[in-house]
Amino acid sequence: MLDGVSLDQLRTFIAAVDEGSFSAAARKLNRVQSAVSGWVSSLEEQIGVVLFDRSGRYPRLTPEGVLLLADARNIVAGVDTLKARAKLMASGLEPELSVVVDVFFPTAVIAAVAKDFARQFPHTPLRLYVEGLGAAYQPVLDERCSLGILASLPLHFPTLSSKAVGEVPLLMVALHSHPLAAIQGTIPKSELARHTQLVITDRSELMAGQELGVMSPHTWRLADLSAKHAFLLNGVGWGGMPLPMIERDLVAGTLKILDIEDFPKGGKKLPMLAVHPSAAPPGPAGRWFIEQIQRYLGPA
């Protein structure tokens, strides 16, 4: 009767293996040796498999016991995880944290925060998504994500609340051999119009009819920032990039910062916000995540 197998039997089985004998397992479990032997024997009877070879001085796992030991550990670990999560949920902790991150937000910061999150909340799954422009806000509006770390947009979302977490420098750049990179001094907008600008496309309808940072009538639309970066490095157009993603390229001289008319010298500060539904503020895990984002991002 496999349905009658208990957690006590499995824990006793595991303890006997880990401690090397029934007597040592009894001491660890604070039971008499006969009880431990009885639990193991009853488990063997219920599953119809001999787990230990008792012919020697100390019991040794049979080949079947070796295979079933892994299953026993998985079952016990799963139950322990269930109990731990239930306890945390009862205390108000989110059962999971789903976060959408803006494509312009530094990947290194998110990776560092995620690593810390795994240590701080080992029983809380973290779901991360990356989007840009209005498509980054859509999962929060639809409540598919409970939190967004997003760039501010010139739109009003009455159902959302936000909190500033820092800024990311945005620079206009081109390959060092691009015609725009050869221009000395400020580049007039009339000159920009002669060259293809690389632009991140919005995969939602929230920004329909609006253009952010588009300075040339000739644009190529790309779905992700990595593709845009690759195009820039191949001299296919010019465009805006977050400083953390191109810092090495600037140091190496591969990309050059463009001094553009009416664009701030040294780049534009792109405000980043922690965004969530007003009716569902972040719980302990979400609040911790926001605080760590601010700590890692640091002063603008």
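Two residues are in contact here when they have heavy atoms within 4.5 Å of each other. By that rule, and leaving aside neighbours within four places in sequence, Thr159 is in contact with Leu141, His276, Pro277 and Ser278. The structure is a predicted model. Thr159 is found in the loop between β5 and β6. The C-alpha atoms of Thr159 and Leu141 are separated by 7.6 Å, and the two residues are 18 residues apart along the chain. Is Thr159 buried, partly exposed or exposed? Thr159 is partly exposed because its relative accessible area of 48% falls between the limits of 20% and 50%.

**Strands around β11**

Strand β5, residues 147–151, runs antiparallel to β11 and is joined to it over four bridges. Within this pairing, Gly148 has Val275 of β11 as its bridge partner. Strand β6, residues 160–175, is also antiparallel to β11, with ten bridges. There, Val168 has Leu270 of β11 as its bridge partner. Strand β11 itself spans residues 268–277 and is mostly covered, with seven of its ten residues buried.

In soluble globular proteins, nonpolar side chains tend to be buried together. The largest nonpolar core in this model has 36 residues, and those that touch the most other members are Phe104, Phe105, Ile149, Met272, Phe289 and Ile293. Elements that each supply at least two residues of this core include β3, α5, β5, β6 and β11. Helix α10 gives the largest share, six residues.

What is Met272 in contact with, leaving aside its neighbours within four places in sequence? The list is Asp102, Phe104, Phe105, Leu150, Ala151, Lys163, Ala164, Val165, Gly166, Glu167 and Val168. A second, separate core has 16 residues, among them Phe13, Ala16, Val40 and Leu43.

**A parallel pair**

Strand β7 pairs with strand β8, residues 219–222, in the parallel sense over four bridges. Val199 stands opposite Arg221 in β8. From β7, Gln197 and Val199 point one way, while Leu198 and Ile200 point the other way; all are buried.

**The second largest pocket**

The second largest pocket has a volume of about 450 Å³. It is lined by 27 residues, and the closest to its centre are Asp102, Val103, Phe105, Thr107 and Val130. The elements β3, α5, β4, α8 and α9 each supply at least two residues of the lining. By class, this lining has 18 nonpolar, four polar and five charged residues.

**Positive phi angles**

Most residues other than glycine have a negative phi. Asn30 has a positive phi although it is not a glycine, and Asp262 likewise has a positive phi without being a glycine. Asn30 lies in the loop between α2 and α3, and Asp262 is found in the loop between β10 and β11.

| Residue | Phi | Relative accessible area |
|---|---|---|
| Asn30 | about 60° | 71% |
| Asp262 | about 65° | 65% |

Why does Asn30 count as exposed? Asn30 counts as exposed because its relative accessibility of 71% is over the limit of 50%. Asp262 is exposed because its relative accessible area of 65% is also over 50%.

Definitions and conventions
Residues numbered from 1 in each chain as written. Predicted model: local features only at pLDDT ≥ 70, side-chain atom pairs only at ≥ 80, totals over all residues. Heavy atoms only, no water. Buried < 20%, exposed > 50% of the residue type's maximum accessible area, 1.4 Å probe, protein only. Pairing = 2+ DSSP bridges. Core = buried A, V, L, I, M, F, W, Y, C linked by side-chain atoms within 4.5 Å. 1 Å grid on protein atoms, 1.4 Å probe; cavity = no way out; pocket = protein on both sides within 12 Å on 5 of 7 lines; lining within 4 Å. Points joined across faces, edges and corners; volume = space filled by probe spheres on them. Nonpolar A, V, L, I, M, F, W, Y, C, P; charged D, E, K, R; others polar.
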